[in-house]
Amino acid sequence: MNKMEKALHELGEMDELAAGASPLHRLHPAAKLLSTIAYILTAVSFPKYDLTGLIPMLLWPVLLFQVGGVSLRTCFYKLRIVLPLVMAVGLFNPLFDRAPLLSVGGVAVSGGVASMLTLMLKGVLCLMASFLLMATTPIDSLCAALRRLHVPAMLVTLLLLTYRYVGVMTEELAVMTDAYHLRAPGQKGIHVSAWGSFLGQLLLRSMDRAQELYGSMMLRGYHEHFHYADIRAFSRKDGLYLLGCLAAFLLLRLVPVARIAGGLIVR
(Lines give C-alpha, C1' and ligand atoms only; values in the text may rest on other atoms or scores of the structure.)
Protein backbone atom coordinates (compact mmCIF):
# COMPACT_ATOMS: atom_id res chain seq x y z
CA MET A 1 0.00 0.00 0.00
CA ASN A 2 1.60 3.28 -1.14
CA LYS A 3 1.09 6.70 0.42
CA MET A 4 -1.85 7.59 -1.82
CA GLU A 5 -3.67 4.38 -0.99
CA LYS A 6 -3.07 5.06 2.71
CA ALA A 7 -4.58 8.54 2.25
CA LEU A 8 -7.67 7.00 0.60
CA HIS A 9 -7.95 4.54 3.48
CA GLU A 10 -7.82 7.37 6.02
CA LEU A 11 -10.54 9.27 4.15
CA GLY A 12 -12.69 6.18 4.38
CA GLU A 13 -11.98 5.92 8.10
CA MET A 14 -13.22 9.50 8.60
CA ASP A 15 -16.49 8.62 6.87
CA GLU A 16 -16.84 5.57 9.12
CA LEU A 17 -16.29 7.71 12.22
CA ALA A 18 -18.90 10.24 11.06
CA ALA A 19 -21.44 7.44 10.54
CA GLY A 20 -21.43 6.47 14.23
CA ALA A 21 -24.48 6.26 16.48
CA SER A 22 -23.36 7.95 19.71
CA PRO A 23 -25.45 10.68 21.42
CA LEU A 24 -23.10 13.26 19.92
CA HIS A 25 -23.60 11.86 16.42
CA ARG A 26 -27.37 12.11 16.83
CA LEU A 27 -27.34 15.83 17.60
CA HIS A 28 -28.41 18.28 14.91
CA PRO A 29 -25.44 19.21 12.70
CA ALA A 30 -26.23 22.92 13.01
CA ALA A 31 -25.95 22.71 16.81
CA LYS A 32 -22.55 21.02 16.54
CA LEU A 33 -21.36 23.47 13.89
CA LEU A 34 -22.39 26.57 15.85
CA SER A 35 -20.95 25.24 19.10
CA THR A 36 -17.66 24.46 17.36
CA ILE A 37 -17.47 27.97 15.89
CA ALA A 38 -18.25 29.47 19.31
CA TYR A 39 -15.58 27.30 20.93
CA ILE A 40 -12.91 28.34 18.43
CA LEU A 41 -13.79 32.03 18.79
CA THR A 42 -13.67 31.72 22.58
CA ALA A 43 -10.31 29.94 22.51
CA VAL A 44 -8.62 32.50 20.26
CA SER A 45 -10.04 35.40 22.29
CA PHE A 46 -7.84 34.66 25.34
CA PRO A 47 -4.94 37.10 25.88
CA LYS A 48 -1.56 35.98 24.66
CA TYR A 49 -0.18 35.47 28.17
CA ASP A 50 -3.27 33.81 29.71
CA LEU A 51 -2.11 30.19 29.53
CA THR A 52 -3.73 29.19 32.84
CA GLY A 53 -7.08 30.58 31.70
CA LEU A 54 -6.88 28.62 28.45
CA ILE A 55 -6.07 25.22 29.97
CA PRO A 56 -9.66 24.56 31.25
CA MET A 57 -10.87 24.87 27.65
CA LEU A 58 -9.43 21.38 27.15
CA LEU A 59 -12.34 19.95 29.14
CA TRP A 60 -14.91 20.46 26.36
CA PRO A 61 -13.22 18.51 23.54
CA VAL A 62 -11.89 15.80 25.87
CA LEU A 63 -15.38 15.22 27.30
CA LEU A 64 -17.05 15.17 23.89
CA PHE A 65 -14.45 12.78 22.51
CA GLN A 66 -15.57 10.33 25.19
CA VAL A 67 -19.28 10.94 24.51
CA GLY A 68 -18.79 10.55 20.77
CA GLY A 69 -16.73 7.38 21.09
CA VAL A 70 -13.79 8.94 19.23
CA SER A 71 -10.29 8.20 20.48
CA LEU A 72 -7.93 11.06 21.25
CA ARG A 73 -5.18 8.92 19.82
CA THR A 74 -7.05 8.76 16.52
CA CYS A 75 -7.44 12.52 16.55
CA PHE A 76 -3.75 13.26 16.99
CA TYR A 77 -2.79 10.56 14.50
CA LYS A 78 -5.03 12.04 11.81
CA LEU A 79 -3.66 15.53 12.56
CA ARG A 80 -0.02 14.41 12.64
CA ILE A 81 0.85 16.46 9.53
CA VAL A 82 -0.94 19.66 10.54
CA LEU A 83 0.02 19.70 14.22
CA PRO A 84 3.75 20.40 13.71
CA LEU A 85 2.87 23.35 11.46
CA VAL A 86 0.57 24.77 14.12
CA MET A 87 3.09 24.18 16.88
CA ALA A 88 5.78 25.98 14.86
CA VAL A 89 3.80 29.22 14.61
CA GLY A 90 4.99 30.67 17.91
CA LEU A 91 8.52 29.26 18.03
CA PHE A 92 10.14 32.66 17.49
CA ASN A 93 8.17 34.46 20.21
CA PRO A 94 10.86 33.87 22.90
CA LEU A 95 13.39 35.63 20.69
CA PHE A 96 11.36 38.84 20.45
CA ASP A 97 9.78 38.98 23.91
CA ARG A 98 12.50 38.29 26.50
CA ALA A 99 11.12 40.33 29.40
CA PRO A 100 10.50 38.17 32.52
CA LEU A 101 6.79 37.61 33.05
CA LEU A 102 6.64 35.24 36.02
CA SER A 103 8.76 32.89 38.11
CA VAL A 104 8.17 29.13 38.36
CA GLY A 105 10.20 27.37 41.04
CA GLY A 106 12.73 30.19 41.06
CA VAL A 107 13.13 30.06 37.26
CA ALA A 108 12.14 33.20 35.38
CA VAL A 109 9.76 32.63 32.46
CA SER A 110 9.76 35.29 29.76
CA GLY A 111 6.67 36.66 28.09
CA GLY A 112 7.78 35.11 24.82
CA VAL A 113 7.74 31.61 26.27
CA ALA A 114 4.28 32.17 27.80
CA SER A 115 2.87 33.58 24.56
CA MET A 116 4.43 30.71 22.56
CA LEU A 117 2.81 28.06 24.78
CA THR A 118 -0.52 29.91 24.70
CA LEU A 119 -0.46 30.18 20.92
CA MET A 120 0.42 26.51 20.53
CA LEU A 121 -2.39 25.47 22.86
CA LYS A 122 -4.86 27.64 20.95
CA GLY A 123 -3.90 25.91 17.72
CA VAL A 124 -4.24 22.45 19.24
CA LEU A 125 -7.65 23.28 20.72
CA CYS A 126 -8.95 24.63 17.40
CA LEU A 127 -7.73 21.55 15.54
CA MET A 128 -9.29 19.22 18.12
CA ALA A 129 -12.64 20.99 17.88
CA SER A 130 -12.60 20.91 14.07
CA PHE A 131 -11.66 17.24 13.99
CA LEU A 132 -14.41 16.42 16.49
CA LEU A 133 -16.97 18.11 14.24
CA MET A 134 -15.83 16.19 11.15
CA ALA A 135 -15.58 12.89 13.05
CA THR A 136 -19.16 13.09 14.34
CA THR A 137 -20.96 14.74 11.42
CA PRO A 138 -21.27 13.35 7.86
CA ILE A 139 -20.24 15.86 5.22
CA ASP A 140 -23.70 15.75 3.59
CA SER A 141 -25.42 16.64 6.87
CA LEU A 142 -22.88 19.37 7.56
CA CYS A 143 -23.48 20.95 4.15
CA ALA A 144 -27.25 20.71 4.67
CA ALA A 145 -26.83 22.54 7.99
CA LEU A 146 -24.79 25.25 6.25
CA ARG A 147 -27.61 25.77 3.79
CA ARG A 148 -30.09 25.98 6.68
CA LEU A 149 -27.87 28.76 8.05
CA HIS A 150 -28.15 30.54 4.67
CA VAL A 151 -24.55 30.05 3.59
CA PRO A 152 -24.43 30.64 -0.22
CA ALA A 153 -25.20 27.49 -2.17
CA MET A 154 -22.17 27.93 -4.41
CA LEU A 155 -19.76 27.83 -1.45
CA VAL A 156 -21.50 24.84 0.12
CA THR A 157 -21.52 22.90 -3.15
CA LEU A 158 -17.84 23.68 -3.66
CA LEU A 159 -17.07 22.39 -0.16
CA LEU A 160 -19.07 19.21 -0.69
CA LEU A 161 -17.61 18.39 -4.10
CA THR A 162 -14.07 19.16 -2.94
CA TYR A 163 -14.43 16.77 0.00
CA ARG A 164 -16.08 14.06 -2.06
CA TYR A 165 -13.79 14.12 -5.05
CA VAL A 166 -10.45 14.74 -3.40
CA GLY A 167 -10.42 10.96 -3.22
CA VAL A 168 -10.75 10.81 -7.00
CA MET A 169 -7.60 12.87 -7.48
CA THR A 170 -5.80 10.83 -4.83
CA GLU A 171 -6.79 7.67 -6.70
CA GLU A 172 -5.35 9.11 -9.92
CA LEU A 173 -2.15 9.96 -8.07
CA ALA A 174 -1.95 6.40 -6.75
CA VAL A 175 -2.30 4.95 -10.26
CA MET A 176 0.32 7.30 -11.71
CA THR A 177 2.73 6.68 -8.84
CA ASP A 178 2.45 2.91 -9.26
CA ALA A 179 3.00 3.25 -13.00
CA TYR A 180 6.09 5.41 -12.44
CA HIS A 181 7.64 2.99 -9.94
CA LEU A 182 7.06 0.07 -12.31
CA ARG A 183 9.11 1.95 -14.89
CA ALA A 184 11.75 3.01 -12.36
CA PRO A 185 12.11 0.12 -9.89
CA GLY A 186 14.16 0.75 -6.77
CA GLN A 187 13.94 4.53 -7.06
CA LYS A 188 12.69 6.45 -4.02
CA GLY A 189 10.09 9.06 -4.89
CA ILE A 190 9.81 10.76 -8.25
CA HIS A 191 12.93 12.19 -9.85
CA VAL A 192 13.09 15.97 -10.26
CA SER A 193 13.41 15.66 -14.03
CA ALA A 194 9.97 13.95 -14.17
CA TRP A 195 8.07 16.45 -12.01
CA GLY A 196 6.93 18.59 -14.94
CA SER A 197 5.57 15.77 -17.07
CA PHE A 198 4.09 14.06 -13.99
CA LEU A 199 2.12 17.16 -12.96
CA GLY A 200 1.06 17.77 -16.55
CA GLN A 201 -0.30 14.24 -16.87
CA LEU A 202 -2.06 14.62 -13.52
CA LEU A 203 -3.71 17.83 -14.71
CA LEU A 204 -4.89 16.24 -17.97
CA ARG A 205 -6.20 13.12 -16.23
CA SER A 206 -7.97 15.27 -13.61
CA MET A 207 -9.63 17.37 -16.31
CA ASP A 208 -10.83 14.24 -18.11
CA ARG A 209 -12.17 12.73 -14.90
CA ALA A 210 -13.84 16.04 -13.94
CA GLN A 211 -15.61 16.15 -17.31
CA GLU A 212 -16.84 12.58 -16.83
CA LEU A 213 -18.08 13.39 -13.33
CA TYR A 214 -19.86 16.50 -14.51
CA GLY A 215 -21.55 14.56 -17.30
CA SER A 216 -22.70 11.95 -14.77
CA MET A 217 -24.10 14.68 -12.52
CA MET A 218 -26.02 16.23 -15.43
CA LEU A 219 -27.51 12.84 -16.34
CA ARG A 220 -28.70 12.48 -12.75
CA GLY A 221 -30.53 15.81 -12.81
CA TYR A 222 -27.94 18.32 -11.62
CA HIS A 223 -28.70 21.81 -12.95
CA GLU A 224 -26.72 24.20 -10.75
CA HIS A 225 -28.75 23.19 -7.68
CA PHE A 226 -27.37 20.39 -5.53
CA HIS A 227 -29.63 18.21 -3.42
CA TYR A 228 -28.21 18.04 0.08
CA ALA A 229 -28.99 15.50 2.76
CA ASP A 230 -32.38 15.62 4.45
CA ILE A 231 -31.87 16.50 8.10
CA ARG A 232 -34.48 16.62 10.83
CA ALA A 233 -35.80 19.77 12.43
CA PHE A 234 -33.92 21.51 15.22
CA SER A 235 -35.25 20.00 18.48
CA ARG A 236 -35.30 21.17 22.08
CA LYS A 237 -32.46 18.78 22.94
CA ASP A 238 -30.29 20.40 20.27
CA GLY A 239 -31.13 23.85 21.58
CA LEU A 240 -30.27 22.86 25.14
CA TYR A 241 -26.95 21.44 23.97
CA LEU A 242 -26.09 24.62 22.10
CA LEU A 243 -27.12 26.89 24.98
CA GLY A 244 -25.21 24.73 27.45
CA CYS A 245 -22.06 24.94 25.34
CA LEU A 246 -22.37 28.71 24.97
CA ALA A 247 -22.88 29.13 28.71
CA ALA A 248 -19.87 26.92 29.48
CA PHE A 249 -17.66 28.85 27.04
CA LEU A 250 -18.77 32.15 28.56
CA LEU A 251 -18.02 30.85 32.05
CA LEU A 252 -14.57 29.59 31.08
CA ARG A 253 -13.79 32.87 29.36
CA LEU A 254 -14.89 35.25 32.11
CA VAL A 255 -14.11 33.24 35.25
CA PRO A 256 -10.50 32.20 36.09
CA VAL A 257 -11.45 28.58 36.71
CA ALA A 258 -7.86 27.31 36.87
CA ARG A 259 -6.80 29.90 39.45
CA ILE A 260 -9.85 29.25 41.62
CA ALA A 261 -9.30 25.48 41.46
CA GLY A 262 -5.60 25.95 42.26
CA GLY A 263 -6.44 28.11 45.27
CA LEU A 264 -8.86 25.50 46.60
CA ILE A 265 -6.29 22.73 46.21
CA VAL A 266 -3.61 24.74 48.03
CA ARG A 267 -5.97 25.33 50.94
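These legends go with a set of close-up views of a predicted model.

View 1. Helix 2 is where confidence is highest, at 94. At the other end of the scale sits helix 13 (residues 257-266), where confidence is lowest, with a mean of 65.

View 2. Five names to look for are L34, I37, L41, V44 and L149, which together make a patch of about 400 Å². Pick out I37, and you'll find yourself in helix 2, which covers residues 29-44. Is I37 buried, partly exposed or exposed? I37 has a relative accessible area of 41%, so it counts as partly exposed, since that label covers values between 20% and 50%.

View 3. Helix 5 spans residues 72-78, and K78 is part of it. K78 counts as buried because its relative accessible area is 15%, and the cut-off for buried is under 20%. Which residues does K78 touch, leaving out those up to four places away in sequence? They are E10, E13, M14 and F131.

View 4. Domain 1 comes in two stretches, 19-137 and 232-260, while domain 2 takes up 139-228. Between their C-alpha centres there are 31 Å. Where the two domains meet, 9 residues of domain 1 are in contact with 8 residues of domain 2.

Note on methods
Residues are numbered from 1 along each chain as its sequence is written. This is a predicted model: local features need pLDDT of at least 70, side-chain atom pairs count only at pLDDT 80 or more; totals for chains, interfaces and linings use all residues. Side-chain values use heavy atoms; hydrogens and water are left out. Patches are made of residues with over 30% relative accessible area and no salt bridge: like charges are joined within 9 Å, nonpolar side chains (Val, Leu, Ile, Met, Phe, Trp, Tyr) within 5 Å. Accessible areas come from the Shrake-Rupley method with a 1.4 Å probe; for residues, only the protein chains shown count as cover. A salt bridge is a side-chain nitrogen of Lys or Arg within 4 Å of a carboxyl oxygen of Asp or Glu. Helices (H or I, at least four residues) and strands (E, at least two) are DSSP runs, numbered from the N terminus. Buried means under 20% relative accessible area, exposed over 50%, partly exposed in between (1.4 Å probe, protein chains only). pLDDT is the predictor's confidence in each residue, from 0 to 100. Contact means heavy atoms within 4.5 Å. Domain bounds come from an automatic or database domain assignment.
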